[in-house]
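Student: I would like to go through some labels and ask what each one rests on.
Tutor: Go ahead; here is the model.

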Amino acid sequence: MSKEYVSTRDPDQERHSYDESLIQGLAPDGGLFVPSSIPRLSEGQIKTLLGLPYTQMFAGVKELFSYHDTKILEEISRRAYDLNRFPHQSDGVVTPLRPVGNTGISIQHLSFGPTAAFKDMALQPFGQEISRVLAERGDTLDILGATSGDTGSAAEAAVKGLERVRIAMLSPLSGMSKFQRAQMGVLSGGNVLNISLKGNFDDAQRIVKELKGQPEFADLGAVNSINWARISSQIAYYFSGYAQVLQQSNLKFGDKIDFVIPSGNFGNILAGYYARAMGLPIRNLVAATNENDVLHKLIQYGEYKKVESSVTDSPSMDIAEASNVERVYYDLAGGDPTLVAEAMRQYLESGVMDLGYLGVVKSAMRTVAGLNSFRTSKADREQAMRITKDSGAGFIDPHTAAGMAVAYKLVAQSDDETPVVVLETALPVKFEDRIQEVHGEIPDRDPRFKGIDEKDMKDQFVVVKPSVEAVAEVLRDNWERAA
Ligand SMILES: *Cc1c(COP(=O)(O)O)cnc(C)c1O
């Protein structure tokens, strides 16, 4: 039943509700929540979804995964994707698809939300959902997170002003761009608390983890990308992408298309993996990585080695650990949680995950899970930024550029005319320094973002040294939590 959830590591496969997975994020045994089965839609059901405006399409997908009724889901979706938050929408399309010259490639724009990154697509409804569940339970939630960039502002924008939720974000004092800092800074106050660490992102993550291990802070919530609520919200835009390809080409329903997804934590592409499992006609799902290519190696060679990530021009893809792949491991293991738990134990112990632990061949990510991947270099991305602009499709950011670089490669190698959709993951405005470097100019800013990094943000951040006790003090002071 797709409305009940189990942990990828629980041998008893105890059932949990959607709301439990929403609030807990991670399962109690450290595994990830997955639906106990993925709904397989009929052709008629898919066609109906494809004909709906985005907010209803979203509700139609979510309805398959939770017991909330359609009216409530539509309300959540209308609020999450309203005109104030997504001002570029028209005719019921929130994630418009635009062709890149006559290359056969289109870009699906997912970044028109309040913080200019696709994370808004999942976090905006997350804020609405969590506040609704808390109200039903008469409960409140304090969230503590760590960010090195996009997640911080997207999460804060999602819960800003909500009554039952407070959020504190730890970020490194240096390392984030001025624009990213400003995006968070303007949200400070009310239920949003920004804490700046005289340290780096690893310090921030370590402190969050240690604090949550203490009884006093054990009840703190998280908003990370493994949350099923986020993944399931992302499935809808694959349906919208497919619907728009049908409108813009001479394809007929049932013809397959390819998606290329700039990938880091494997959340975005995983939503496509489920959309296809539900019956959406997708042929290839291709992950585009940057130099931090652990995912690429896993997909190509069947081995995942935990490594230190390095800093690139596409920082939101600089990840060392793509936690969401565990959901694919679960499928590869034939839904056997004992096998997954044992494989993850070996991985945590040795730092190496071998698909052999799951009893499958090294090529299984491709041959069984149906995924593919390419790694891109800085030069590849730079070239893609240039070609895309020259073809009249305008400026793209370095993350979307990884996807475009891969799409150009795919189209050149392909012997058919299957349309390729590249998911845009951020707007150029977030990475103006790099855009300036590549093109010698930057595009006009959307009025929403004009001048925000010129304001003095000093007072918007509480600056502390990177220690658990220092952060605990700030939380106690600001949240009046009992010591
Ligand atoms: C988060 C992010 C990604 C990576 O997405 P995953 O779901 O973690 O794979 C890519 N690009 C941008 C701009 C992001 O913010």
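Student: How many nonpolar, polar and charged residues are in the lining of the largest cavity?
Tutor: This is a predicted model, and in it the lining has four nonpolar, one polar and two charged residues. The lining residues are Tyr18, His68, Leu73, Ile76, Glu129, Arg132 and Val133. Two elements, α4 (70–80) and α5 (119–137), each give two or more residues to this lining. The largest share, three residues, comes from α5.

Student: What is the volume of the largest cavity?
Tutor: About 30 Å³. The count of cavities of 30 Å³ or more comes to one.

Student: Why is Asp91 called exposed?
Tutor: Exposed means over 50% relative accessible area. Asp91 has 78% relative accessibility, so Asp91 counts as exposed. Asp91 is in the loop between α4 and β3 (97–99), and its phi is near 50°, a positive value in a residue other than glycine.

Student: Why does Ala116 count as buried?
Tutor: The cut-off for buried is under 20%. Ala116 is at 0% relative accessibility and therefore counts as buried. Ala116 lies in the loop between β4 (105–109) and α5. Its phi is positive, about 65°, although Ala116 is not a glycine. Most residues other than glycine have a negative phi.

Student: How do you know that Asp120 has no salt bridge?
Tutor: A salt bridge needs a side-chain nitrogen of Lys or Arg within 4 Å of a carboxyl oxygen of Asp or Glu. For Asp120, which is buried, the nearest side chain of opposite charge is Arg448, 6.6 Å away. Asp120 is in helix α5. Leaving out residues up to four places away in sequence, Asp120 touches Phe86, Gly113, Pro114, Thr115, Pro125 and Ala154.

Definitions and conventions
Residues numbered from 1 in each chain as written. Predicted model: local features only at pLDDT ≥ 70, side-chain atom pairs only at ≥ 80, totals over all residues. Heavy atoms only, no water. 1 Å grid on protein atoms, 1.4 Å probe; cavity = no way out; pocket = protein on both sides within 12 Å on 5 of 7 lines; lining within 4 Å. Points joined across faces, edges and corners; volume = space filled by probe spheres on them. Helix = DSSP H or I, 4+ residues; strand = E, 2+ residues; numbered from the N terminus. Nonpolar A, V, L, I, M, F, W, Y, C, P; charged D, E, K, R; others polar. Buried < 20%, exposed > 50% of the residue type's maximum accessible area, 1.4 Å probe, protein only. Lys, Arg positive; Asp, Glu negative; His and termini not counted. Contact = heavy atoms within 4.5 Å.
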